[in-house]
Amino acid sequence: MSRPALSASRVGAFAEIASIALIAAVFIVPFVSDNPAIYSLANQVLIAVTAAFSVYIMLRMNLMTFAVPTFMAIGGYTTAVLGLRLGVTDVLLLGLGSFLVPALFALPLGALVLRLTGVYFVLVTFVLTEITQLVLFETPAWTGGSNGLIGMPVVTFFGSDLGDNRAVLLVTTGLALAGALITAAVTRTLRQHFAAIEENELLAQSLGLVVWHYKAFGFAVAAGVSGLAGFALVNMLLTAHPTSFSPLSSVNYIAYAIIGGKSSMLGSVVGGALLVWAGEMFALRGEYSQLMFGFLIVVVVLAAREGVVGTVSRLLGRIGASVKSRPLDPASLPTATESQR
Amino acid sequence: MQGIVATSLIGISLGAQYALLALGFTLIFGILGVVNFAHGGFYVLGGYIAYSAISFLGMPYALAVITAALGTAALGYLFERFLLDRLIDDHLATLMLTLGLYMMISSGILITFGPQSPAFAFPLTGVLRAYGFYVPIENLVVLAVCVAGIVSIYALIYRTDFGRALRALADDRAVATAQGLRPKVLFPTAFALATGLAGLTGALVTPILSLAPHVGDPVLATSFLIVILGGLGSVGGATVAAFLVGMVEAFSAVYLGGSKGALALFVLVLIMLVVKPSGLFGQRARGA
């Protein structure tokens, strides 16, 4: 049993390194291009990918979360309030705040909602996004209500302003990279624990795994990663507004993670990049991108359960195997731990 | 006093609409174990089918409503039979499928009809006046149709062989199948029944409230609220919860203003999900 597990872990490591490298590569963009359309696309892709990481972390534990916009809103509004009320502009402090506040918020919340699994968890997280909207509208003193928060001071990095387009993209890239590193570190370190929970939570518990420990930790980290995406979004739009965190936007983040391939981190990167790019192609007719998302979700669920990355790597593995004319190596499968239900 | 009575009437009328919607939603979950994210989509689709039937085909309103119910039922039947049925036991997969369908329905409507609300008005207008109370006639008509719909659903579920078969499948599919019931026939029919109900409600209610491609979102959220409150899969629970939610919405809109009532409801439902996931009337949490 150790060999397939080992090789699955190796494939996972490749996907994680590739994800981090791809995101880090965006740092070059501001130095080779000054096309605002490319900046805008890169910003959107990175924010989408970061938010999809959050979905990916929860899927490790077989939990499908709709709560990404909730935690994005907490992260985004935290940085807006810090900037407006307390004059905090340092990007590192703001980034830390946008990660820690949602993560800390997720702990007590997790104690309640993580008792639920399957469909009930989906429903409770969906209800959370609706509550988020209502709370944002009903607390104008803090969140600006339906006007949102505008006029945040420009973020700084050790005293230098990060206000222009180029700097905004650098901030987004930095936040996405932080999100990727955290996601990789957590899902790598706790790979076995999460896999045990995904396979059979009851069995894992009876074998001595303190399940709620790991679920709460995973939930908090996923919330923090969403918060980073929220900060990046608010920083890009220069405003924190309830419509940026609409309940049904969570569907997009789930679509990125699942269409890209839910069994590896690279899936979120590929899914986010492909779908945001494709959505941008239909930019003038935004409704077509929703039609395409819906269609792709149906196709992936019915025909290609492993998503883009899983299907491609399976095909590559098959080609590689036939070239070397030996039977299919388990290493070519996405992971050995994905439960086929 | 007059205010309270008038508000109660609005609440009952809202409750009846919600009940019709939520019954479909809860039936699908109870019998098939599917959380139907496309439910709001079928509601909007019902509205647009009725609108098109009247504006382009010149149908009378009553016939348009029936067309809408049948049209959405047919789409629901095909969707269940050819797509959903393949993965019927995988809760997350069916959830994703209905989500995909919802995105396709709402964007399809947006592409076909454009983002603006079409002029779709209820054929009967006017106000009934009795004992000093004012009641809009359209609300009464909708209420009557909704109540008739709810009664028919109850009769169908609890008084006919079809209903017994559905309840048997919901109770224990393996045993029911062994007894000769055929899920392959009954599941698509049940799904069609539920989506037809959503379409019927849409055709009835959208001329009074509003018709636009995105009006399915709040409908979906409200259906969620009601079925969680009433207990997923519970027919009686959904009916009671629907009237409860209708009342709370009516009174909070009139006396509190804003969305405080909705916020209170959502928080109530959140607590309910955590403390008693089976809802007010659900007996057991379905293995999900």
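I count a residue as buried if 20 or more other C-beta atoms lie within 10 Å of its own, as exposed if 12 or fewer do, and as partly exposed in between, with C-beta atoms placed from the backbone. This is a predicted model, in which local features need a pLDDT of at least 70 and side-chain atom pairs count only at pLDDT 80 or more, while totals for chains, interfaces and linings use all residues. Residues are numbered from 1 along each chain as its sequence is written, and chains are lettered from A and ligands numbered from 1 in the order in which they are written.

**Entry 1: chain A overall**

I looked up burial for chain A and found that buried residues make up 51% of its 341 residues. I then listed its elements: chain A has 15 helices and 4 strands. Helices (H or I, at least four residues) and strands (E, at least two) are DSSP runs, numbered from the N terminus. The radius of gyration of chain A is 20 Å, close to the 20 Å from the globule rule for 341 residues, so chain A is as compact as a globular protein of that length. That radius is taken over C-alpha atoms, and the rule is 2.2 Å times the number of residues to the power 0.38. The box filled by the C-alpha atoms of chain A, along the principal axes, is roughly 60 × 50 × 40 Å.

For contacts I use C-beta atoms, placed from the backbone, that lie within 7 Å. Taking contacts in chain A between residues at least 6 apart in sequence, I find that 77% join residues at least 24 apart.

**Entry 2: chain B overall**

Chain B has 11 helices and 2 strands. I read its elements from the N terminus on as α-α-α-α-β-β-α-α-α-α-α-α-α. A compact globule of 288 residues would have a radius of gyration near 19 Å, and chain B agrees with 19 Å. Its C-alpha atoms fill a box of roughly 60 × 45 × 35 Å along the principal axes. Of the 288 residues of chain B, 52% count as buried. Among its contacts between residues at least 6 apart in sequence, 75% join residues at least 24 apart.

I picked out helix H9 (residues 216-230) of chain B, which has 15 residues and reaches 21 Å from its first C-alpha to its last, close to the 21 Å expected at 1.5 Å a residue. The expected span is 1.5 Å times one less than the number of residues. Of the 15 residues of H9(B), 13 are buried, so this helix is largely enclosed by the rest of the structure. Just after H9(B), I noted a positive phi of about 100° at B:Gly231.

**Entry 3: confidence**

I checked pLDDT, the predictor's confidence in each residue, from 0 to 100. Chain B averages 85, and 96% of the residues score at least 70. Within chain B, the lowest mean, 75, is in strand S2 (residues 133-136), and the highest, 94, is in helix H3 (residues 61-82). The pLDDT is below 50 over residues 284-288 of chain B, a stretch that has 10 contacts in the model beyond near neighbours in sequence. For the complex, the predictor gives an ipTM of 0.83 and a pTM of 0.84.

**Entry 4: where the chains meet**

Is A:Ala204 buried or exposed? A:Ala204 is buried, with 20 other C-beta atoms within 10 Å. I placed A:Ala204 in helix H10 (residues 201-206) of chain A. Not counting residues up to four places away in sequence, A:Ala204 touches A:Ala196, A:Ile197, A:Leu209 and A:Val211.

A:Ala304 sits in the loop between H14 and helix H15 (307-323) of chain A. A:Ala304 counts as partly exposed, with 16 C-beta neighbours inside 10 Å. Leaving aside neighbours within four places in sequence, A:Ala304 is in contact with A:Val299 and A:Thr311.

Technical notes: Contact = placed C-beta atoms within 7 Å.
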